[in-house]
Amino acid sequence: WDVKKDPQKNHPVPKLLKDPFHNNDVSPFIDERFQTSLGYALLISIREQNLILVVDPETKKILWYRQGLTERQHDVEYFDGSLYVFDNGPFRGYSRIARIEFEDPNDGSFGFETVIDGRTFGWFDPSRGQHHVFLHKEKRYHMLVHDRQGKLYIFDENQKPVFALQNYFKLNGSDSIGMQLRTGLFISKDQYDQLQKSCDQ
């Protein structure tokens, strides 16, 4: 994969005409600000419209939305009362993880904040991406997956990289080839031990 040849980087408008919405993420979440009869709401990312929605899964009513804060975003995550978004940025030229608050702090920013800045780490994927926000030992971490490059990174809440992995397949001799890495999941040592124990039984 070569970012310079990526169609979403070089030809985003014709793609928009053929695929004007491109819903790329739907996930349920619970927040007292969004009461529904089913007890949860749906968080939806519509890539081509730079649009994030909160929807009532039964009535299909839009309960909240933000448009234009992110650019061709993926993988919106709800964590600790805020939204964290894999903000691709094909026009901008770098990717980032952005935090968006549900309430606007009356300054027009909608609580928008860059929490992982791709310019610092040479990280850019104009058209795909996955990430996971998790808490470990009372601290927030971000796991980023650059799938076509087969790379996985973990950053702490201060944008410090604490782990990196390159997925590759070893060929004959010293040659190897990079392999795609579709997603990642963090589990604690206690969770691992519990899973291992259930497998051993």
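View 1. The side chains of Asp-193 and Lys-189 meet in a salt bridge, with 3.0 Å from N to O. A salt bridge here is a side-chain nitrogen of Lys or Arg within 4 Å of a carboxyl oxygen of Asp or Glu. Asp-193 and Lys-189 are four residues apart in helix H4, so about one helical turn separates them. Helices (H or I, at least four residues) and strands (E, at least two) are DSSP runs, numbered from the N terminus. Lys-189 is exposed, with a relative accessible area of 58%. Asp-193 is partly exposed, at 35%. Buried means under 20% relative accessible area, exposed over 50%, and partly exposed in between (1.4 Å probe, protein chains only). Elsewhere, salt bridges that share partners join Asp-31, Arg-33 and Glu-103 into one network.

The model is predicted: local features need pLDDT of at least 70, side-chain atom pairs count only at pLDDT 80 or more, and totals for chains, interfaces and linings use all residues. Residues are numbered from 1 along each chain as its sequence is written, and side-chain values use heavy atoms, with hydrogens and water left out.

View 2. The structure holds 13 salt bridges. One of them joins Arg-148 to Asp-125, with the closest N and O atoms 2.6 Å apart. This pair links distant parts of the chain, 23 residues apart. Arg-148 sits in the loop between E10 and E11. Asp-125 sits in the loop between helix H3 (118-121) and strand E9 (130-136). Both Arg-148 and Asp-125 are buried. Another salt bridge joins the side chains of Arg-182 and Asp-147 (3.5 Å, N to O). That pair also links distant parts of the chain, 35 residues apart. Arg-182 is in the loop between strand E14 (176-178) and helix H4 (189-200), and Asp-147 is in the loop between E10 and E11. Asp-147 has 0% relative accessibility, so it counts as buried.

View 3. Strand E10 (residues 139-146) and strand E11 (residues 151-156) run antiparallel, joined by six bridges. Two strands pair if DSSP finds at least two bridges between them. Leu-144 has Tyr-153 in E11 as its bridge partner. The hairpin of E10 and E11 has four residues between the strands. In this hairpin, Gly-150 takes a positive phi near 65°. E11 also pairs with strand E12 (residues 161-166), in the antiparallel sense, over five bridges. Here the bridge partner of Leu-152 is Leu-165 in E12. E11 and E12 form a hairpin too, with four residues between them. In its turn, Gln-159 has a positive phi of about 65°.

View 4. How many residues of strand E2 (residues 41-46) are buried? Six of its six residues are, and the strand is mostly covered. Ala-41, Leu-43 and Ser-45 point one way from E2. Leu-42, Ile-44 and Ile-46 point the other way. In a regular strand the side chains alternate between the two faces of the sheet. Six bridges connect strand E1 (residues 23-29) to E2, and the two run antiparallel. Val-26 has Ile-44 in E2 as its bridge partner. Five bridges connect E2 to strand E3 (residues 51-55), again antiparallel. The hairpin of E2 and E3 has four residues between the strands, and its Asn-50 takes a positive phi near 50°.

**View 5. An open sheet of four strands.** The strands run in the order E5-E6-E7-E8, with antiparallel pairing. Strand E5 (74-79) and strand E8 (113-117) are the edges, and each pairs on one side only. The twist averages 25° from one strand to the next. That angle is taken between N-to-C directions, from 0 to 180 degrees, of axes that are lines fitted to C-alpha atoms. Four bridges join E5 to strand E6 (residues 82-87). Glu-77 stands opposite Tyr-84 in E6.

**View 6. A nonpolar surface patch.** Phe-169, Leu-171, Ile-177 and Met-179 form this patch, with about 370 Å² of accessible area together. Patch residues have over 30% relative accessible area and no salt bridge; nonpolar side chains (Val, Leu, Ile, Met, Phe, Trp, Tyr) are joined within 5 Å, like charges within 9 Å. Areas come from the Shrake-Rupley method with a 1.4 Å probe. Ile-177 lies in strand E14. Ile-177 is partly exposed, with a relative accessible area of 43%.
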